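Hi,

Here is the structure I promised to pass on.

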Amino acid sequence: MLYGSIEAGGTKFVCAIASEHLEITERVSFPTTVPEETMKQVIAFFEQYKNELAAIGVGSFGPIDIHQDSKTYGYITSTPKLAWQNFNFVGTLKKVFDIPITWTTDVNAAAYGEYVFGQGKGLSSVVYYTVGTGIGGGAIQEDQFIEGFSHPEMGHMLVVPHPDDNFKGNCPFHGNCLEGMAAGPAIEARAGKKGQDIPADDPVWEIEASYIAQCAYNTTLLFSPDVIIFGGGVMKQRHMVEKVHRAFEELLNNYVKTPKIENYIVTPSLEDDAGTFGCLALAKKADLHVN
């Protein structure tokens with residue numbers, strides 16, 4: 001018995017096969033181009049294992065339709081990637097694979113990976129953010145994603161501009177939302193160079209930390225989670241966590257008592273593998289539910 005994972009990212013797709021114990025046996029990746037080309041590669045990869053494949057977990061870039069009673073369940077909907085707009089992702093897979101297919105956002109998949117295997121293991125409430133080209137968030141409570149009419153868009157919460165920051169934000173919808181002020185392109189627009197080329201003592205990082213801390217503050221007061229995990233390329237700057245801790249404690253001002261700060265606001269222990277492991281765990285969960 002095998003389980004499959006599809007991390008459908010805006011830049012690349014990562015597909016993996018794992019044993020029933022969720023040990024990865026093979027993994028491939030290819031660029032995200034157009035659905036006809038990309039999905040052909042996805043299907044060809046999994047067809048090798050068709051007789052043993054029990055379920056597939058998919059974590060996709062969005063927005064996506066997550067409601068199983070909807071006519072467009074399993075679709076990528078109003079994405080800026082024009083070729084993928086209104087694409088029936090799950091339906092395309094179902095034409096070839098008559099097995100359970102779980103369907104969620106890429107950031108939800110990463111959140112679930114950390115919930116099962118990483119920083120959220122053994123905890124009941126986990127919130128995960130990816131801070132990279134964009135910012136997205138996923139929340140889990142007692143093994144269930146927190147969502148309503150759609151999946152959360154926590155990366156677009158509004159933030160208060162830092163007093164030393166005259167950048168207006170580059171989100172075309174909201175300006176000074178978290179993504180508009182703190183995602184990788186915002187850092188580059190503000191500093192004139194990519195984050196990996198900015199030294200750790202540059203003042204831009206204190207500005208960045210203030211926005212991530214506001215996100216943690218809002219999350220704390222909205223959800224009171226057991227842990228808040230910040231992943232993505234921006235948080236690979238190892239100095240960022242300490243800066244965020246300081247800014248968060250100043251913002252919170254002892255209003256509520258959180259878990260110990262170094263265990264409360266953390267980076268993912270699975271790093272870039274969180275999404276793959278999350279999709280695999282969701283696939284196994286779906287298979288067990290059916291059987």
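Buried residues make up 53% of the 291 residues in the protein, where buried means under 20% relative accessible area, exposed means over 50%, and partly exposed is in between (1.4 Å probe, protein chains only). Before you read on: this is a predicted model, so local features need pLDDT of at least 70 and side-chain atom pairs count only at pLDDT 80 or more, while totals for chains, interfaces and linings use all residues. Residues are numbered from 1 along each chain as its sequence is written, and side-chain values use heavy atoms, with hydrogens and water left out.

Overall build first. The protein has nine helices and twelve strands; these are DSSP runs numbered from the N terminus, with helices being H or I of at least four residues and strands being E of at least two. Its radius of gyration is 19 Å, close to the 19 Å that the globule rule gives for 291 residues, so the protein is as compact as a globular protein of that length. (That radius is taken over C-alpha atoms, and the rule is 2.2 Å times the number of residues to the power 0.38.) The C-alpha trace spans about 60 × 40 × 35 Å along its principal axes. Of the contacts between residues at least 6 apart in sequence, 63% join residues at least 24 apart, a contact being heavy atoms within 4.5 Å.

Now the inside. In soluble globular proteins, nonpolar side chains tend to be buried together. The largest nonpolar core here has 38 residues, and Y129, L178, F230, F248 and I265 touch the most other members. By nonpolar core I mean a set of buried Ala, Val, Leu, Ile, Met, Phe, Trp, Tyr and Cys residues joined through side-chain atoms within 4.5 Å. Among the elements that give two or more residues to this core are strand 8 (125-131), strand 9 (135-141), strand 11 (227-231) and helix 7. Helix 6 supplies the largest share, nine residues. Another core, of 30 residues, lies apart from this one, and L2, I6, F46 and F89 are among its members.

Which residues does Y129 touch, leaving out those up to four places away in sequence? The list includes I135, M154, M157, C215, T219 and F230.

Beyond four places away in sequence, T104 touches V58, G59, S60, I64, A109, F145 and L282. T104 and C279 are 175 residues apart in sequence, yet 8.8 Å apart in space, C-alpha to C-alpha.

On to charges. The structure holds nine salt bridges, each being a side-chain nitrogen of Lys or Arg within 4 Å of a carboxyl oxygen of Asp or Glu.

- K285 and D143 meet at 3.1 Å, N to O. The pair links distant parts of the chain, 142 residues apart, with K285 in helix 9 (residues 274-290) and D143 in the loop between strand 9 and strand 10 (144-145). K285 is partly exposed at 30% relative accessibility, and D143 is partly exposed at 25%.
- R238 and E271 meet at 3.4 Å, N to O. R238 lies in the loop between strand 11 and helix 7 and E271 in the loop between strand 12 (265-266) and helix 9, so the bridge ties together parts that are 33 residues apart in sequence. R238 is exposed at 56%, whereas E271 is partly exposed at 47%.
- E262 and K260 also meet at 3.4 Å, N to O. E262 is partly exposed at 42%, and K260 is exposed at 56%.

Finally, some backbone details. The peptide bond from G62 to P63 is cis, with omega near 0°, and P63 lies in the loop between strand 4 (53-60) and strand 5 (75-76). N86 has a positive phi, near 55°, in a residue other than glycine; N86 is in the loop between strand 5 and strand 6 (87-88) and is exposed at 56%. E142 likewise has a positive phi, near 50°, in the loop between strand 9 and strand 10, and is exposed at 52%.

Cheers
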